[in-house]
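Subject: Structure handover

Hi,

My notes follow below it.

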Amino acid sequence: LIICTTEGPPLTSAELAALRTWVECGGALIISAFSNWSQYGHFAREAVGWLSVVPIPDARFNRYALHAIEPHSGHSFDGAPRPIAAHGEETQALISSASPFGEVSHFPNLGETLFEVR
């Protein structure tokens with residue numbers, strides 16, 4: 001598991017390459033790319049850019065959001081919980097009632113900032 005945040009300096013080219021290789025080989029990644037704040041002004045642009053995610057610098061920090069985790073893709077933007085795609089046998093095993101953590105059906109986020117997907 002690798003965690004990247006906007007409170008540290010930007011990753012070097014070598015670190016970015018290692019990060020991408022890690023994920024492409026099945027490693028877990030959590031990137032906190034806050035669009036409203038970045039200690040060093042990089043907003044994790046490079047860390048999330050290869051995923052086609054583009055932070056919006058100085059975007060407003062939004063309120064609490066609750067995302068439903070469902071075994072299919074699709075999104076609802078009408079204020080209802082938004083589904084998060086959960087594909088693959090490994091993912092299904094981790095969110096099922098038989099998982100070591102019990103059934104996982106929602107992901108609460110205490111606040112989100114806007115970003116673009118290109």
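Helix H1 (residues 13–24) holds both Glu-24 and Arg-20. They sit four residues apart, about one turn of the helix. Their side chains meet in a salt bridge, at 2.8 Å from N to O. Keep in mind that this is a predicted model. Glu-24 counts as exposed because its relative accessibility is 54%, over the 50% cut-off. Arg-20 has a relative accessible area of 38%, so it is partly exposed.

The structure holds two salt bridges. Another one joins the side chains of Glu-116 and Arg-118, at 2.7 Å from N to O. Glu-116 is partly exposed, with a relative accessible area of 33%. Arg-118 counts as exposed, at 66% relative accessibility. Side chains of opposite charge can pair when their charged atoms come close.

There is also a nonpolar patch on the surface. Tyr-64, Leu-66 and Leu-110 form it, with about 330 Å² of accessible area together. Tyr-64 is in the loop between strand S3 (53–55) and strand S4 (65–70). At 45% relative accessibility, Tyr-64 counts as partly exposed.

Now the overall picture. The protein chain has three helices and seven strands. Along the sequence, the pattern runs β-α-β-α-β-β-β-α-β-β. Of the 118 residues in the chain, 23% are buried. The accessible surface of the chain is about 8,100 Å², and carbon and sulfur atoms account for 59% of that. Among contacts with a separation of 6 or more, 57% link residues 24 or more positions apart.

Best wishes

Conventions: Residues are numbered from 1 along each chain as its sequence is written. This is a predicted model: local features need pLDDT of at least 70, side-chain atom pairs count only at pLDDT 80 or more; totals for chains, interfaces and linings use all residues. Side-chain values use heavy atoms; hydrogens and water are left out. Patches are made of residues with over 30% relative accessible area and no salt bridge: like charges are joined within 9 Å, nonpolar side chains (Val, Leu, Ile, Met, Phe, Trp, Tyr) within 5 Å. Accessible areas come from the Shrake-Rupley method with a 1.4 Å probe; for residues, only the protein chains shown count as cover. A salt bridge is a side-chain nitrogen of Lys or Arg within 4 Å of a carboxyl oxygen of Asp or Glu. Helices (H or I, at least four residues) and strands (E, at least two) are DSSP runs, numbered from the N terminus. Buried means under 20% relative accessible area, exposed over 50%, partly exposed in between (1.4 Å probe, protein chains only). Contact means heavy atoms within 4.5 Å.
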